[in-house]
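Please walk me through this structure.

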Amino acid sequence: MDPFSQLILTISVTSFLTFQWLFHKVSPWMSTRISPGFLGLSDKQKVEWNSRTVSTFHALLVGIFCLHILWFDDAVNEDPVWGDPTLVKTNVAITTGYLISDLLLIFYYWKAIGDKFFVVHHLAALYAYYYVLGHGMLPYFANFRLLAEFSTPCVNQRWFFEVLGYPKSSRPNMANGVAMAVVFFMVRIAVMPVYYSRMYAVYGTEAFYLVPWGGRVAWICSSICLDIMNVMWMHKIARGCYRVLRSARKSKASTPQENGKTD
């Protein structure tokens with residue numbers, strides 16, 4: 001094994017151990033001090049709370065790393081299929097450690113956070129990352145996909161508000177809902193033309209045909225399936241956001257009338 005492969009393996013193992021530590025130690029300690037409501041949760045809710053806290057940390061970490069690569073990694077941007085994958089491999093190794101850690105927690109705490117969809121999602125992602133880490137191919141597209149993690153913190157925050165008993169019409173909940181819809185659209189929907197235009201640009205080139213069939217399946221098929229789900233999720237998020245904003249607007253409009261009758 002070459003030194004760089006050993007480094008990537010070390011990063012993945014370190015990532016796995018770090019996220020386990022964050023779940024078991026850091027999140028419970030931090031949550032009791034930031035949110036007193038954490039102590040009143042059930043054991044199952046505390047498990048999911050800690051899982052989502054770790055998920056938020058991972059999303060912010062790899063998301064910021066993604067932006068750095070997109071803005072400053074010329075090798076990857078100029079050759080999206082076979083460009084120097086050093087930084088992308090590092091970022092993907094962090095995510096690989098997180099996914100394996102999360103899979104372990106899902107199976108161990110299945111009654112609390114078990115979800116077949118997430119198991120399939122994690123396994124599919126690990127399959128795709130195998131080609132990035134093992135063969136160094138498709139670094140631009142692997143990195144671009146990780147941008148979607150920026151929507152995760154808002155999704156998790158929505159759950160935090162819900163479990164703490166915040167009304168859907170409360171200002172913090174509404175602000176987070178709008179932010180979730182906007183960020184989800186920006187990092188999962190609005191970027192589709194950019195992503196697929198780059199894919200179309202390399203389709204049929206020599207670089208494309210050097211990618212094995214397994215890599216092409218992991219790249220093209222998974223991208224299409226994921227974006228179909230993203231469109232469906234965006235539709236649900238937009239409808240939910242619209243209903244909450246509409247109900248809040250109606251309640252505001254009715255308040256002056258009610259006050260007038262009382263007077």
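**A walk through the model**

Start at Asp73. Setting aside neighbours within four places in sequence, Asp73 is in contact with His68, Asp84 and Leu87. Contact here means heavy atoms within 4.5 Å. This is a predicted model, where local features need pLDDT of at least 70, side-chain atom pairs count only at pLDDT 80 or more, and totals for chains, interfaces and linings use all residues. Residues are numbered from 1 along each chain as its sequence is written, and side-chain values use heavy atoms, with hydrogens and water left out.

Asp73 sits in the loop between α2 (43-72) and α3 (74-78). Helices are DSSP runs (H or I, at least four residues), numbered from the N terminus. Asp73 counts as buried because its relative accessibility is 10%. The cut-offs are these: buried is under 20% relative accessible area, exposed is over 50%, and partly exposed lies in between (1.4 Å probe, protein chains only). Thr86 is 13 residues from Asp73 along the chain, and their C-alpha atoms are separated by 9.8 Å.

Now look at the rings. The whole structure holds 23 aromatic pairs. Rings of Phe, Tyr and Trp (its six-membered ring) pair if their centres lie within 6.5 Å; planes under 30 degrees apart are stacked, over 60 edge-to-face, and the rest tilted. Phe19 and Tyr98 form an edge-to-face pair, with 5.2 Å centre to centre and 70° between the planes. Phe19 lies in helix α1 (residues 3-34) and Tyr98 in helix α4 (residues 86-108), so this pair ties together parts that are 79 residues apart in sequence. Phe19 is buried, at 2% relative accessible area. Tyr98 is buried too, at 8%.

Phe117 and Phe118 make another edge-to-face pair, at 5.7 Å centre to centre and 70° between the planes. Phe117 is partly exposed, at 34% relative accessibility. Phe118 is also partly exposed, at 39%.

Ring pairs also build a cluster. Its members are Tyr140, Phe141, Phe144, Tyr195, Tyr196, Tyr203, Phe208, Tyr209 and Trp219. Arg145 lies over the face of Tyr195, 4.4 Å from the ring centre. Arg198 lies over the face of Tyr140, 4.5 Å from the ring centre. A charge sits over a ring if NZ of Lys or CZ of Arg is within 6 Å of the ring centre and within 35 degrees of the ring normal.

Val178, Val182, Phe185, Met186 and Leu245 make a nonpolar patch of about 410 Å². Patch residues have over 30% relative accessible area and no salt bridge; nonpolar side chains (Val, Leu, Ile, Met, Phe, Trp, Tyr) are joined within 5 Å, like charges within 9 Å. A salt bridge is a side-chain nitrogen of Lys or Arg within 4 Å of a carboxyl oxygen of Asp or Glu. Helix α9 (residues 171-189) gives the largest share of the patch, 4 residues. Met186 is found in helix α9.

Key:
Areas by Shrake-Rupley, 256 points an atom, 1.4 Å probe, with all protein chains shown as cover. Helix = DSSP H or I, 4+ residues; strand = E, 2+ residues; numbered from the N terminus.
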